[in-house]
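Student: Pick one part of this model and take a close look at it. Then follow it into the parts that share elements with it, and state the cut-offs as you go.

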Amino acid sequence: MITGYVIGESLRPGAVFEPRGLRLRKISRVDVGASATDGQPRLWTLVEWESDGDDISGLANAFADALEPENGWYADFTAGDERVVAFAGKVFRYRRGDEAGRAEAIAYGRSVGTPEHQLDWGE
């Protein structure tokens, strides 16, 4: 099973995100005013989802195509023992516990403006 979440506000205007087989698990609104940066909204919409599908690359690329490049937004998910982190136009895939793979994704996030305290996806 593939599980993950995306922040609604991280999708670029005009983006259409419609990969097959996704099911909503939960949608919630959170006030992140204390940790949002100047370019980020104070309120975020968290969309948790799951899928029984096996097209990990297709899903990752759909996120990479839909994400807003400003502020280093990303979406992440797990598929078995693999962690996938998608930024606008760029996807990282690594096995859980692979510190080098994780470090590469984090370094890229820093380079595109992801705030340090938001480079905190689970392992």
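Tutor: R42 is exposed, with a relative accessible area of 51%; exposed is over 50%, buried is under 20%, and partly exposed is in between, for a 1.4 Å probe and protein chains only. The model is predicted, so local features need pLDDT of at least 70 and side-chain atom pairs pLDDT 80 or more, while totals for chains, interfaces and linings use all residues. Residues are numbered from 1 along each chain as its sequence is written, and side-chain values use heavy atoms, without hydrogens and water.

R42 sits in the loop between β2 (22-31) and β3; strands are DSSP runs of E with at least two residues, helices are runs of H or I with at least four, and both are numbered from the N terminus. D31 is 11 residues away along the chain, yet its C-alpha atom is separated from that of R42 by 5.9 Å. With neighbours within four places in sequence left aside, R42 is in contact (heavy atoms within 4.5 Å) with V30, D31, V32 and G33.

Of its 19 lining residues, Y5, I7, W44, Q118 and D120 are closest to the centre. Two or more lining residues come from each of β1 (2-7), β3 (43-51) and β4 (74-79), and β4 gives the most, with 3.

β3 is also among the elements that cover the buried residues of α1, together with β1, β2, β4, β5 and β6. Those residues of α1 (residues 56-66) are I56, L59, A60, F63, A64 and A66.

β5 (82-87) and β6 (90-95) are among the elements that cover the buried residues of α2 as well. In α2, these buried residues are G101, R102, A105, I106 and G109. Seen down the axis, they fall within an arc of 135 degrees, so they line one face of the helix; the arc is taken from the directions from the helix axis to the C-beta atoms. E99, A100 and S111 are exposed on the other side of α2.

Conventions. 1 Å grid on protein atoms, 1.4 Å probe; cavity = no way out; pocket = protein on both sides within 12 Å on 5 of 7 lines; lining within 4 Å.
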